[in-house]
Amino acid sequence: MDDNSFAEAVLAVKARLYGTTDLAVLRKVATRVAPLCDAATLDRPRLVGVVDDCFEELSDAEDRDSRLDQLERWLTAGREGYVAQHVPAIWRKDLKITGQIGDLKSGLSFVSYLRQVDTAVAKGHSDTEIVEAVLRAIQPGNRLKSYLEGRDDLDLATLNTLIRSYYREKSPTELYQQLCNLSQTSEETAQDFLIRALDLRQQVLFASKQKDAGMKYDPELVKSMTIRSLSTGLREDSVRYEFQTTLAKRGVSDEELLQTLNLICALDNERKTKIERPRQPNVHQIEYEQKSKGNKSEMEELRAEIASLRRHFDNTTVKDGKQPTGDRVRRRQGCKKCVDTGNTEKCDHCFQCGASDHWQRGCRAKKLTGSASGNGKGSPGVEAQ
């Protein structure tokens, strides 16, 4: 805090000190800042003077900021205690619980509820005022509200027990087991996982402080398990490896964990962006790709031409007296007479003997000819019909 800000803070604390009308508060503050003075025998002007001398020493002190904050807290605590004890309830504002009780999804959480109740107790509010404030904060139409309003023997301790049961708060053992098995899901980021782990740690510590807690866990044990869950629960190997150095520090704070993890994740995202970015092709690569495309097009044209020649060769008939080469056999359509006259399209004769009452496969002349020749073959160049 610079000199100007410190001077403004001193003036604010002085204004609160001079406006204090409770003599007991002034004596308590004077005893704390000047233990050797007999505050019980001093009147108001001398008490203000003792406290005012403390402000002169603050300007040269190295820990002036912390000492000023402590002095302000003393005055605030004394003022609240004075208001709670001496100001009638009808002149004070009604206690209000911030948030709505009853909606388990979006309403007030149990931890926030209990924190507000403890703050109200520290400020001096009576149990009756706190109970009425809690009843007003319950969601209208909720059966819990109707049940609590119907009870005559409802005190603050019983109310806290009932509210805890309504929220179905887990025991410290269940929360600790959940902390041991904690791991990052695929839908959440590393920062969200860290916040979830820290929140679960605080829930374990909070549940262990309750009077009805079955088992209480040591804070150091819970913190050590949180560090272990963070070191083994992160999904990204690169983030987990770089985060180990910070987790290994003794007494590392939550602020340092958050700042370090944010920096590591930012660098990891930048590294991934650079690696996955497509590279620009150079001139030689472009020429090679164009040449490859040209060669592919030429090969496709050659293949198309070869296929066309093959189809043309397959559809060409074999001329008379010539046998087809290779494994391909050309069919001779028609008998010898029809082939000579060029009337093969209307030929319905036997290709062997020229008769019209049977096909070549049932021609007896073919069998007789084969037996006579002794080779079992028909006339050359004739294909089975």
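Q: Why does Tyr166 count as partly exposed?
A: This is a predicted model, where local features need pLDDT of at least 70, side-chain atom pairs count only at pLDDT 80 or more, and totals for chains, interfaces and linings use all residues. Residues are numbered from 1 along each chain as its sequence is written, and side-chain values use heavy atoms, with hydrogens and water left out. Buried means under 20% relative accessible area, exposed means over 50%, and partly exposed is in between (1.4 Å probe, protein chains only). Tyr166 has 21% relative accessibility, so Tyr166 counts as partly exposed.

Q: What makes Tyr167 buried?
A: The relative accessible area of Tyr167 is 11%, so Tyr167 is buried.

Q: How do you know that Tyr166 and Tyr167 form an aromatic pair, and of which kind?
A: Rings of Phe, Tyr and Trp (its six-membered ring) pair if their centres lie within 6.5 Å; planes under 30 degrees apart are stacked, over 60 edge-to-face, and the rest tilted. By this rule the count is five aromatic pairs. One of them joins Phe110 and Phe206, edge-to-face, with 6.4 Å centre to centre and 70 degrees between the planes. Tyr166 and Tyr167 also form a pair, at 6.0 Å centre to centre. Their planes stand at 85 degrees, so this pair is edge-to-face too.

Q: Which parts does the pair of Phe110 and Phe206 tie together?
A: Helices are DSSP runs of H or I with at least four residues, strands are runs of E with at least two, and both are numbered from the N terminus. Phe110 lies in helix α5 and Phe206 in helix α10, so the pair ties together parts 96 residues apart in sequence. Both Phe110 and Phe206 are buried. Ring pairs link Phe110, Tyr113, Tyr166, Tyr167 and Phe206 into a cluster.

Q: What makes a space a cavity?
A: On a 1 Å grid over the protein atoms alone, a cavity is a set of points where a 1.4 Å probe fits but cannot get out; lining residues have an atom within 4 Å of a point. A search of the whole structure finds one cavity of 30 Å³ or more. The volume of the largest cavity is about 50 Å³.

Q: Which helix gives the most to the lining of the largest cavity?
A: That is α10, with three residues. Both α5 (110–122) and α10 (190–209) supply at least two residues of this lining. Phe110 and Phe206 are among the lining residues, as are Arg164 and Gln203.

Q: Why is Lys145 called buried?
A: Its relative accessibility is 16%, so Lys145 counts as buried. Lys145 lies in helix α7. Contact means heavy atoms within 4.5 Å. Leaving out residues up to four places away in sequence, Lys145 touches Leu135, Arg136, Ile138, Gln139 and Pro140.

Q: What covers the buried residues of α6?
A: The cover includes α5, α7 (143–149) and α8 (156–167). Among the buried residues in helix α6 (residues 127–137) are Ile130, Val134 and Leu135.

Q: Is Arg168 buried or exposed?
A: Its relative accessible area is 62%, so Arg168 is exposed. Arg168 is found in the loop between α8 and α9 (172–180). The phi of Arg168 is near 55 degrees, a positive value in a residue other than glycine.

Q: Why is Ser224 called partly exposed?
A: The relative accessible area of Ser224 is 47%, so Ser224 is partly exposed. Ser224 has its place in helix α11 (residues 219–233).

Key:
On a 1 Å grid over the protein atoms alone, a cavity is a set of points where a 1.4 Å probe fits but cannot get out, and a pocket is an open set with protein on both sides within 12 Å along at least five of seven lines; lining residues have an atom within 4 Å of a point. Grid points are joined across faces, edges and corners, and a volume is the space filled by probe spheres set on the points.
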